[in-house]
Amino acid sequence: MHPKSNQVLQGYKKYRGLTYNKPKKKDLHDHEEQGFKQISEETLASSMANQEAKKQEEEEEEYGVLLYYKYTTIPDLQQLFNFYESICNTLSLLGRVRLSPNGVNVTVGGKLSALEEHIAAVKLNSLFDGTDFKLASCHEPSNDRVAKECGFTSLSIRIVNELVTLSSCPLQKSPEISNAGKHLSAVEFHSVLHNIGNSQDKLIPSSNNGIVLMDARNLYETRIGKFYTPNVETLDPEIRQYSDLPSWIDNNSEKLRGNNILMYCTGGIRCEMASAYIRSKGAGFEKVFQLYGGIQRYLEQFPDGGFFRGKNFVFDHRVSVGSSDSRILGTCLLCNSPFDDYSSRSRCTYCRMLVLVCDNCREKDSSYVCELCRKNSQCIQLTSATDFDNSVEISEVAELEAVSTSDRVAVPALVSGPRTLRKLRILCLHGFRQNASGFKGRTASLAKKLKSIAELVFVDAPHELPFIYQIRQNCDSASELENNHPLSESCNKKFSWLVAPDHKGENDSDWKIADSPFDPLQYQKQTEGFDKSIAYLKALYSKAGPFDGILGFSQGAAMAALVCLHQQKLIGEMEFRFAILCSGFAVNMNNCQQGSINVPSLHIFGSDKGKDRQIANEASRHLASVFENGCSVVIEHDFGHIIPTRPPYIDQIKDFLKRFL
């Protein structure tokens with residue numbers, strides 16, 4: 001054992017009085033012969049009485065919960081693991097201990113005296129200087145189901161890579177914790193909220209910048225309690241899990257940019273990483289402040305609730321902690337009556353997120369659909385995994401045609417049984433002079449390899465193109481010229497998302513000779529028709545959506561990029577969590593700054609050696625550069641104008657998609 005850790009452990013043993021001098025063999029023998037003879041019946045009775053009193057005292061001793069975290073460099077994880085294993089087992093503590101190279105995160109429960117001894121022992125290690133130990137007295141776990149689900153029926157000590165999983169992108173570098181927002185104590189946080197609009201506020205003068213409150217917690221937590229302040233917007237990301245927060249921040253940057261951002265969470269640890277992530281976005285995102293100690297410290301300082309309404313959700317057997325204000329913020333999912341008790345651990349049938357269901361409604365029904373699954377159109381009838389239709393029919397919008405690879409994922413009827421996660425729905429935009437059916441055929445291999453995690457939905461573009469052909473140079477006779485084009489009866493119509501300025505929109509079934517040889521740079525001239533295409537996609541989204549992501553190939557990628565560029569204007573009409581741009585290029589983006597589009601994106605294009613004869617490598621590389629580097633992934637391949645589906649490319653595509661499941 002490392003000398004320093006050994007000293008800490010030995011210091012703790014001395015603190016507990018656990019060290020002793022082992023008696024010599026002869027001395028022990030003499031003691032046995034002489035000492036035991038001197039024990040009278042009165043002494044024995046007194047000893048037994050003392051033991052009984054001590055046992056009763058221990059049984060009556062108050063129970064408590066201890067929470068703390070500390071970001072610090074851990075020199076030897078195994079030594080720290082041994083330390084926690086020894087101290088927690090000695091003190092009979094139950095709960096969770098997570099250790100990483102960057103610190104610790106602890107939630108344990110037990111007798112108050114044992115928890116106090118735990119704190120004293122941990123403080124002997126200088127690594128924990130300045131740690132905020134949150135100790136609260138409470139009743140011992142009485143609900144076995146809640147205690148088990150919250151990890152309070154055993155002791156779990158694990159070494160992990162991250163204390164909290166923030167990054168939603170496996171290739172994204174985690175933000176530096178040293179760049180986290182400024183800590184505000186509960187009193188300071190309250191003062192700022194109280195002085196909103198006061199330009200003389202010493203903590204956050206609001207004369208030049210607005211103030212927004214940002215909740216860094218999950219939806220099921222914010223349902224039962226959050227901060228409310230007059231004239232201040234409270235941003236609730238409404239996310240299922242913490243790792244979804246970066247994507248929400250990326251998609252809502254304009255709500256944060258230039259403002260003083262006041263963040264809060266349960267105990268503070270999630271704000272550390274989230275505030276560092278916001279500040280890493282650069283100019284306009286510097287002024288981030290976080291409630292030190294979280295809602296728990298705030299409610300301790302303001303027992304009446306202060307600016308906090310409802311209850312604070314906690315991740316232990318207590319489930320939630322409230323103030324003296326008895327008002328209920330949450331409502332039953334089914335009947336909308338006031339309700340905020342998660343003790344039943346009712347969960348969404350589809351995503352397994354906790355939902356609020358009152359006692360009366362729970363007796364009538366056993367399957368529930370949360371708000372987020374309703375929003376994402378998961379209100380389908382429960383079926384068995386083998387009893388659902390593989391074909392899908394999407395309502396036509398202005399005579400558009402949509403082709404889907406599969407139906408929604410079936411969900412087992414029994415909540416307690418094995419469940420199948422909902423597949424991602426991805427809207428696919430074909431290239432210039434293609435159509436949905438043809439693009440579906442070209443990407444059949446991709447759809448097959450993604451079938452377990454994604455459903456691809458294909459749609460024709462709105463601009464119909466005339467049939468044209470190029471004359472072969474070796475045509476000598478009139479009959480050869482006449483038969484130099486395909487028969488119109490055997491060809492499907494072709495479409496585009498963007499057209500040249502001189503496009504007249506005239507369509508007929510006759511083939512026409514091209515005015516000039518095909519230009520490999522023709523895509524640079526196709527810049528018109530965006531307004532018609534975006535209106536067309538809005539109508540499609542309202543009827544066939546929602547979709548998790550958008551995939552574009554060649555000109556379809558250019559169109560998808562424009563959708564991402566206009567994301568703020570499209571909120572409420574057409575929203576995507578991510579974009580996949582294959583052999584893409586930029587159109588009508590002359591004023592777009594590098595890294596200014598903050599939609600999580602995957603860029604797939606041919607390398608310099610790939611010889612993509614349609615779209616130059618430089619064009620695709622430039623398009624990738626206008627997306628924020630922190631949430632974009634680039635895959636370069638050597639196979640020309642295609643979407644590669646062989647390893648390692650398909651594995652990289654899957655890795656990108658899995659972060660959104």
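For the helix pair coming up, an axis is a line fitted to C-alpha atoms over the stretch in contact, and the angle is taken between N-to-C directions, from 0 to 180 degrees. Keep in mind that this is a predicted model. Two packed helices are described by the angle between their axes and the distance between the axes. Here, the axes of helix α7 (residues 186-194) and helix α12 (residues 294-301) come within 9 Å and cross at roughly 85°. Angles of 65 to 115 degrees count as roughly perpendicular, so α7 and α12 are roughly perpendicular to each other. On the α7 side the contact is made by Ala186, Val187, Phe189 and His190, while α12 brings Arg297, Tyr298 and Gln301.

Now zoom out. The protein chain holds 21 helices and 24 strands. Of its 661 residues, 49% are buried. Take the contacts between residues at least 6 apart in sequence: 75% of them join residues at least 24 apart. As for disulfides, the structure holds zero. Two cysteines to look up are Cys370, which counts as buried because its relative accessibility is 0%, and Cys592, which also counts as buried, at 16%.

Next, have a look at helix α4, residues 77-90. Its 14 residues reach 20 Å from the first C-alpha to the last, close to the 20 Å expected at 1.5 Å a residue. At the start of α4, a side-chain oxygen of Asp76 comes to within 3.1 Å of the backbone nitrogen of Gln78. Which residues of α4 are buried? They are Leu77, Gln79, Leu80, Phe81, Phe83, Tyr84, Ile87 and Cys88. After the helix comes Ser92, with a positive phi near 60°.

Positive phi turns up elsewhere too. Asn336 has phi near 65°, and it is a residue other than glycine. Asn336 lies in the loop between β13 (320-322) and α13 (359-364), and it is exposed, with a relative accessible area of 56%. Ser583 has phi near 50°, again a positive value in a residue other than glycine. The loop between β22 and β23 (601-606) is where to find Ser583. Is Ser583 buried or exposed? It is buried, because its relative accessible area is 0% and the cut-off for buried is under 20%.

That brings us to the loop between α19 (555-565) and β22 (578-582), where Gln567 is found. His566 has its place in that loop as well. With a relative accessible area of 22%, His566 is partly exposed, whereas Gln567, at 16%, is buried. A polar atom of the His566 side chain lies 2.8 Å from the backbone oxygen of Leu562. In sequence, His566 and Ile597 are 31 residues apart, yet in space they are 9.0 Å apart, C-alpha to C-alpha. Leaving out residues up to four places away in sequence, Gln567 touches Asn251, Asn598 and Val599.

Finish with some backbone geometry. The peptide bond from Gly545 to Pro546 is cis, with omega near 5°; Pro546 sits in the loop between α18 (530-544) and β21 (549-553). Pro647 and Pro648 are also joined by a cis peptide bond, with omega about 0°. Pro648 lies in the loop between β24 (632-637) and α21 (649-658).

Key: Residues numbered from 1 in each chain as written. Predicted model: local features only at pLDDT ≥ 70, side-chain atom pairs only at ≥ 80, totals over all residues. Heavy atoms only, no water. Helix = DSSP H or I, 4+ residues; strand = E, 2+ residues; numbered from the N terminus. Expected span 1.5 Å × (residues − 1). Buried < 20%, exposed > 50% of the residue type's maximum accessible area, 1.4 Å probe, protein only. Polar contact = N/O pair within 3.5 Å; in protein donor to acceptor, adjacent residues only side chain to side chain. Disulfide = S-S within 2.5 Å. Parallel < 35°, antiparallel > 145°, perpendicular 65-115°, else oblique. Contact = heavy atoms within 4.5 Å.
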